[in-house]
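Welcome! Here is a short briefing to read with the sequence and the 3D view at hand. Take a look around first, then follow the topics below.

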Amino acid sequence: MSSVTQQHDNTAADHDDGHHHPAKGFKRWLFTTNHKDIGSLYLIFSLTMFLIGGAMAMVIRAELFQPGLQLVEPHFFNQMTTVHGLIMVFGAVMPAFTGLANWMVPLMIGAPDMALPRMNNWSFWILPFAFLILLASLFMPGGGPAFGWTFYAPLSTTYSNDNTALFVFAVHIMGISSIMGAINVIVTIVNMRAPGMTWMKLPLFVWTWLITAFLLIAVMPVLAGAVTMVLTDKYFATSFFDAAGGGDPVMFQHIFWFFGHPEVYIMILPAFGIISTIVPTFSRKKLFGYASMVYATSSIALLSFIVWAHHMFTTGMPVAAELFFMYATMLISVPTGVKVFNWVATMWRGSISFEVPMLFSIAFIVLFTLGGFSGLMLAITPADFQYHDTYFVVAHFHYVLVTGAVFSIMAGAYYWLPKWTGNMFNITLAKWHFWLSLVSVNVLFFPMHFVGLAGMPRRIPDYALQFADFNAIISLGGFAFGLSQLLFVVVVFKCARGGNKVPAKVWDGAEGLEWEVDSPAPYHTFETPPEIK
Amino acid sequence: MSHAPLLKRLVLICLGMFAFAFALVPLYDVFCDVTGLNGKPSLEQAKQSTSINEAREVDVSFTTHAQSGAPFTVQSAEYSVAVKPGAMREVVFKAKNLSNEDKVMQAVPSVSPGKAAKYLHKMACFCFDQQPLKAGEEVEFKLLFYVDTELPDDVEELTLSYTVFDISSQLVASN
């Protein structure tokens, strides 16, 4: 362990060479290598993208408020669904988790910073350019990407305009950013844990992020490969996905979903970590089944590589393959169930209090489980033929991504915001944010199950008259949910500006190294590694 | 502790996975070949059949359709033929270029049910090559095929489907 101590000395020496105080103004943020600064940048960026992607969702819901075509052209509607998906996945959820990892992983393992601080700066600062390119493509002649966030060939090769090129470069940059972020997290966790922090003492947020980071470096390069093939098919006369030249469009879906399914878990495993951190705090009990949580997370990650074709049941696979992917998919509900039962068992007979992070966590557990159940329904191959590409699917993945991933990010933000700013947020406003979000999100997404089961297709700007009432309700829920998120912006902004001062240990039931440093967390922490009991 | 060794390994994994994405392309074909999963028949000329199963008869139907925008019609002389496994059969297809430009067409075959794909052997097929057709030209193509004697018993009929593509512009692009 002497090597670790020595490395900390080196870091301290570095800081004496004029890096002790952050530079002033914009340069502080542009050149920063501090994990807390970069974490904040990621989180602010993600919130911005969440609002932009949300505005696109508002356009979608406004158009669907009534049957018929009212507000936007169908082609523009398709651009909205496509770019909404891309922005929410790659711009909002993933950077939010990376931001939380930047802020919290070094604090949780007692490290002074991320392992590769300069790369950390790069991995953030290329991200705004990726989304600038993607958003700029909306203004080119013929419009932006309209082929769905899944960019199936030949929609993205034969039937799109030159936005494909911009889209591909944007995805390349996002991918490089995620890969660098993931590598940084792995190296930090493997090499920079405080002495005595053994693997089975790691906080669960750190564990889930470590596993997520491995998923990222395994599948983001595959996505990069897929978009590269789309690019060369469109511009350089290759025929990866073009049957006329000996390629196969169905192969696109295989390659895409080989990335796409692990990607789904990239967006939910860190959420599991956040919930596993918050629920014990406000239940004032240790997390039930720590080891089983670690194993469950690992098995979900491993299983995620062998279930991709459940997105493709209707492509005409043979029965044997459909059965295999159906059973493999259902198998995932076992480790996921272990996690849900562990959270419930942690709360069982705890002295629970309902602070805002806990409210979001409990909502997560209930609503994510609901999304999991609709996922199980979709896993049943013969049933999927009915549900495929309907609003039932939209309901399913919004339950796991909005009331799952996004709610967990909100929970984490409320949990650690006092630690970041040194101020308690406005609790009344935050509770309004929670209750308004909880009610509106269900008004928004729950009726989608019904219209989906009744056969309303997704990604269509118009619909049959019998879906009109439900769609009006859904849209009202959508507007309410969208407006409620502005409250979150207000709470965060006010909290950053000031508020009641909080002690180092903000929540009395909280455990972990992050609560041993002052609030707000000083610019440099753990320059000498802490003692692990 | 030096971060370089771990960093190197992680970057190698990334590069490996990028390569793996491209390796999936041949792997996909090999996998489909071995399992016959997606109805992709072989585009190679098959060997002569050695035996004929006189006791069995299988219906083979033909269907063709032109990819949207491809100015061709391709029509088989017979809608469906009954063949004995192992016995050679010739079918004539009439193809026409409907446009007033010279075009090159490529037919891509597919067999349904998918698992029967590897039992349908083509000795000669217009789909083996790119077929240049002059403006308004009409030609006859021959398909020479037989059904393998090993064809599973539960397959009583199979369909050979051709999708016809106009690849003239792609040829210009690559030349």
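Helices here are DSSP runs of H or I with at least four residues, strands are runs of E with at least two, and both are numbered from the N terminus. This is a predicted model, in which local features need pLDDT of at least 70 and side-chain atom pairs count only at pLDDT 80 or more, while totals for chains, interfaces and linings use all residues. Residues are numbered from 1 along each chain as its sequence is written, and chains are lettered from A and ligands numbered from 1 in the order in which they are written.

**Around Arg458(A)**

- Leaving aside residues up to four places away in sequence, Arg458(A) touches Asp389(A), Thr390(A), Tyr391(A), Val393(A) and Val394(A), where contact means C-beta atoms, placed from the backbone, within 7 Å.
- Arg458(A) and Val394(A) are 64 residues apart along the chain, yet their C-alpha atoms are separated by 7.1 Å.

**Backbone points to look for**

- Most residues other than glycine have a negative phi, and most peptide bonds are trans.
- Asp389(A) has a positive phi, near 60°, and lies in the loop between helix H14 (381–387) and helix H15 (391–421) of chain A.
- Asp389(A) counts as partly exposed, with 14 C-beta neighbours inside 10 Å.
- Arg459(A) also has a positive phi near 60°, and its place is in the loop between H16 and H17 of chain A.
- A cis peptide bond with omega of about 5° joins Ala153(A) and Pro154(A), and Pro154(A) is in the loop between helix H6 (127–136) and helix H7 (163–191) of chain A.
- In chain B, the bond from Ser112(B) to Pro113(B) is cis, with omega near -5°.

**Two helices in chain A**

- The axes of helix H3 (residues 35–64) and helix H5 (residues 117–125) of chain A come within 10 Å and cross at roughly 10°; axes are lines fitted to C-alpha atoms, for helices over the stretch in contact, and angles run from 0 to 180 degrees between N-to-C directions.
- That makes H3(A) roughly parallel to H5(A), a label for angles under 35 degrees; over 145 is roughly antiparallel, 65 to 115 roughly perpendicular and the rest oblique.
- His35(A), Ile38(A), Leu41(A) and Tyr42(A) of H3(A) meet Asn120(A), Asn121(A) and Phe124(A) of H5(A).

**A sheet in chain B**

- Four strands form an open antiparallel sheet in the order S2-S4-S8-S6 (chain B); strands pair if DSSP finds at least two bridges between them.
- Strand S2 (72–76) and strand S6 (120–124) of chain B each have a single partner strand, so one side of each is left without a neighbour in the sheet.
- Five bridges join S2(B) to strand S4 (residues 89–97) of chain B, and Gln75(B) has Lys94(B) in S4(B) as its bridge partner.

**Where the chains meet**

- The contact takes 27 residues from chain B and 29 residues from chain A.
- H1(B) gives the largest share of chain B's side, 13 residues.

Conventions:
Contact = placed C-beta atoms within 7 Å. Buried ≥ 20, exposed ≤ 12 C-beta atoms within 10 Å, placed from the backbone.
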